[in-house]
Amino acid sequence: MSRAGRRVHSPTRLVPGIAFSAFVLFAGLVPAIARPAEARAQQSTAEQPAREQAAREQTTREQTSESTARIVADLHARLDSLAPLLIEAEDRLRSREIRDQRAARDAAAGIATVDTLRVGLLTIITPIDQSGLAKDLFTEVWAEYFSDIEQSNTLAETVFTFQWSDDRVPIHVASGGHHLTFDRWVRRSRVVTGIRDALAKTFELELKSTNSRVSYWVFGSPFREHDYRDTYRFIATTRARVSRNCLAGDAGACGSALGLDAPLPPFRAGRDRNQSEEEWRALEEQYEARQLESLTAWYTPDERRAMVAGNHMLADLRNRSAGRGVPWSVRWGECVEGDVSEACDALLVQINANAPLPAQIRETLVAYALERGGRGAWSRLLENPEAPAITALEYASTVPIDELLNGWRTLIMSNRPDTYSAIVPRGALAVLWVLFFSFLAMRSTRWRLG
Amino acid sequence: MYKSMLFLHWKQIRPALALTVVAAFALPLLMVSSLGTPPGMDAMSLEAYRIVGGVDEWLLFFPLLAIAIGVTLALSSWNWDHQLNHVYALSLPVTRWEYTLQKLLAGMTLALIPAAGLWLGAHLAAASIELPEGLHAYPNELAVRFSFAILVSYAVLFSMAAGTTKTTLKTMGVILGFVFFGVMANDFLATYYPYFDRVQIVEGVFEWMMHAPGPFEVFTGNWSLIDV
């Protein structure tokens with residue numbers, strides 16, 4: 001055997017070679033293999049969120065398109081439901097145009113469709129066929145509630161249009177005017193109330209336009225309808241003792257409860273441009289001092305403490321600032337828990353606590369003053385806007401304030417709710433009706449028919 | 001005979017009457033239950049006008065309960081007569097008016113039971129709250145009004161139930177016809193006579209019935225347990 005022939009590779013010697021070759025191969029291949037795999041893995045890792053995002057976006061898009069489709073369908077449905085309204089509106093517009101054209105034609109031909117009436121100080125424009133009715137109604141309202149008014153600048157500039165009909169004529173007033181329109185089915189009493197309310201509102205605006213002290217004091221219109229039974233109930237049930245003293249016959253207490261002496265906050269009068277900060281502050285301090293005086297006249301210390309304790313706004317402020325040592329919470333504690341009267345007063349001044357009887361009740365006093373004053377009382381009330389409420393009321397009513405307050409108190413007392421005072425006569429009436437129906441029951445012919 | 005009428009009626013209406021007594025007793029108590037002091041507020045803040053305002057919403061239930069009691073009593077009083085075709089009544093040696101009177105009185109006696117329940121409840125309710133100055137409780141007056149209201153509704157329904165079905169239907173027909181055709185006739189007349197613009201006949205009649213001296217004034221008056 002030749003040496004070469006005998007040079008048979010022994011398996012044991014081949015193993016390292018194979019292992020080496022395998023290692024080299026592996027070392028060479030691994031990066032080759034690993035790189036794409038890694039890249040794939042990296043690519044896959046990089047692509048996965050993108051895919052997920054894309055999927056999410058796709059889902060969102062689908063959802064959005066679905067919801068959009070739903071919204072569009074919904075809007076279509078809504079639009080469809082609006083179609084009858086649109087048609088109706090168009091019809092109305094068309095019929096209004098036709099009426100306008102007819103009115104213009106009539107006007108050109110000299111045929112009047114509306115009439116202008118004068119009742120008292122009122123100017124009323126109404127369709128010609130309703131002029132008699134309008135005259136009756138306005139005359140009735142004017143005579144009943146406003147006949148004592150001799151002069152009114154606002155009323156002189158105001159035009160009222162009146163229509164009590166389903167088929168309305170277009171009436172255009174250059175200055176706007178008050179349009180009083182009522183459907184045919186509305187009851188006459190409601191129409192009368194509507195006219196009265198419109199006139200009362202006009203006088204309210206006139207009072208407000210004067211910027212007078214009385215206008216700040218009452219807010220609303222003294223000519224509106226007042227329920228004196230409710231007024232009595234309110235006065236009798238306010239927490240302030242001064243109100244009940246008023247009902248008991250103390251005219252001074254009435255004035256106090258109504259806040260006749262209430263100071264006017266400086267911001268009501270407005271701030272002068274030339275006023276310095278110090279001057280303004282001095283005015284505010286002056287107001288606070290007067291407010292403090294009024295508070296002690298309106299409420300007893302116990303009542304003032306109860307007002308602070310029961311005031312939701314103050315309680316809220318106190319809760320928010322609790323534990324922080326801010327003045328609200330400190331003063332609240334001193335007032336409610338420590339029973340320190342000054343602390344209560346300071347808090348009440350801060351919230352501008354009002355007199356016990358509100359503006360609605362004050363209106364009844366102004367209404368009474370106008371009634372007492374008779375003819376020209378309204379003009380007198382507006383004559384001097386700078387006058388305090390007491391002076392203005394005395395001047396309008398032509399009687400001293402005590403007499404006025406006594407008369408007003410008597411009026412309120414005469415309207416005291418009867419509660420159960422009439423229980424005996426009403427009970428007797430009920431018994432009579434029971435007897436009547438019992439008689440009917442006994443007269444029934446059932447057995448004879450039976 | 002009155003006793004047997006009373007017993008018969010009592011036997012029939014016992015469960016319903018028990019319910020009405022409970023309702024009448026509880027109503028004043030429920031009314032004042034909302035008048036407590038809000039949490040965190042001083043007792044002084046229990047303002048009088050809030051009390052009056054707070055009880056207002058309950059006032060409607062008093063006349064409604066009275067009507068319900070009156071109707072229940074009236075219908076139940078004739079129930080067994082209608083069921084037995086008046087055989088029992090006809091077998092008695094009394095005239096019809098005497099029989100009806102006894103029945104009426106028996107029902108009226110039973111009407112006093114829920115009224116007494118309300119009286120007790122109202123007194124309890126009034127005692128359970130401290131009223132501020134200026135307000136008073138009227139438990140006796142409320143109970144008296146309640147009794148009258150029950151009696152009136154009882155008498156009206158009793159007289160209707162006492163008649164034949166035909167008579168009852170006729171009566172109801174006349175009332176409904178008056179309401180329906182009265183309004184139409186009013187509108188029609190108003191087109192020719194302006195006077196009818198001012199006067200609403202149906203409304204006027206209802207107004208008259210609901211206010212003195214009308215029969216139903218007792219339902220529309222003041223029902224306050226607490227007032228000035």
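This is a predicted model: local features need pLDDT of at least 70, side-chain atom pairs count only at pLDDT 80 or more; totals for chains, interfaces and linings use all residues.

Q: Which ring does A:F146 pair with, and how are the two planes set?

A: The partner is A:F223, and the pair is tilted, with 5.3 Å centre to centre and 45° between the planes. A:F223 is buried as well, at 11% relative accessibility.

Q: How far apart in sequence are the parts that this pair ties together?

A: They are 77 residues apart, because A:F146 sits in helix α3 of chain A while A:F223 is in the loop between α6 and α7 of chain A. Both rings also belong to one aromatic cluster, along with A:W142, A:Y145, A:F203 and A:W378.

Q: Is helix α6 of chain B largely enclosed or open?

A: Largely enclosed by the rest of the structure, because 20 of its 24 residues are buried. Helix α6 of chain B covers residues 139–162 and reaches 34 Å from first C-alpha to last, close to the 34 Å expected.

Q: Which residues form the nonpolar patch on the surface?

A: B:F25, B:W119, B:L120 and B:L124, with about 380 Å² of accessible area together. Helix α5 of chain B gives the largest share, 3 residues. B:W119 lies in that helix and counts as partly exposed, because its relative accessibility is 40%.

Q: Where does the charged end of B:K103 sit?

A: Over the ring of B:W78, 5.0 Å from its centre. Likewise, the charged end of B:R145 sits over the ring of B:W223, 5.9 Å from its centre.

Methods:
Residues are numbered from 1 along each chain as its sequence is written. Chains are lettered from A and ligands numbered from 1 in the order in which they are written. Side-chain values use heavy atoms; hydrogens and water are left out. Patches are made of residues with over 30% relative accessible area and no salt bridge: like charges are joined within 9 Å, nonpolar side chains (Val, Leu, Ile, Met, Phe, Trp, Tyr) within 5 Å. Accessible areas come from the Shrake-Rupley method with a 1.4 Å probe; for residues, only the protein chains shown count as cover. A salt bridge is a side-chain nitrogen of Lys or Arg within 4 Å of a carboxyl oxygen of Asp or Glu. Helices (H or I, at least four residues) and strands (E, at least two) are DSSP runs, numbered from the N terminus. Buried means under 20% relative accessible area, exposed over 50%, partly exposed in between (1.4 Å probe, protein chains only). The expected span of a helix is 1.5 Å times one less than its number of residues. Rings of Phe, Tyr and Trp (its six-membered ring) pair if their centres lie within 6.5 Å; planes under 30 degrees apart count as stacked, over 60 as edge-to-face and the rest as tilted. A charge sits over a ring if NZ of Lys or CZ of Arg is within 6 Å of the ring centre and within 35 degrees of the ring normal.
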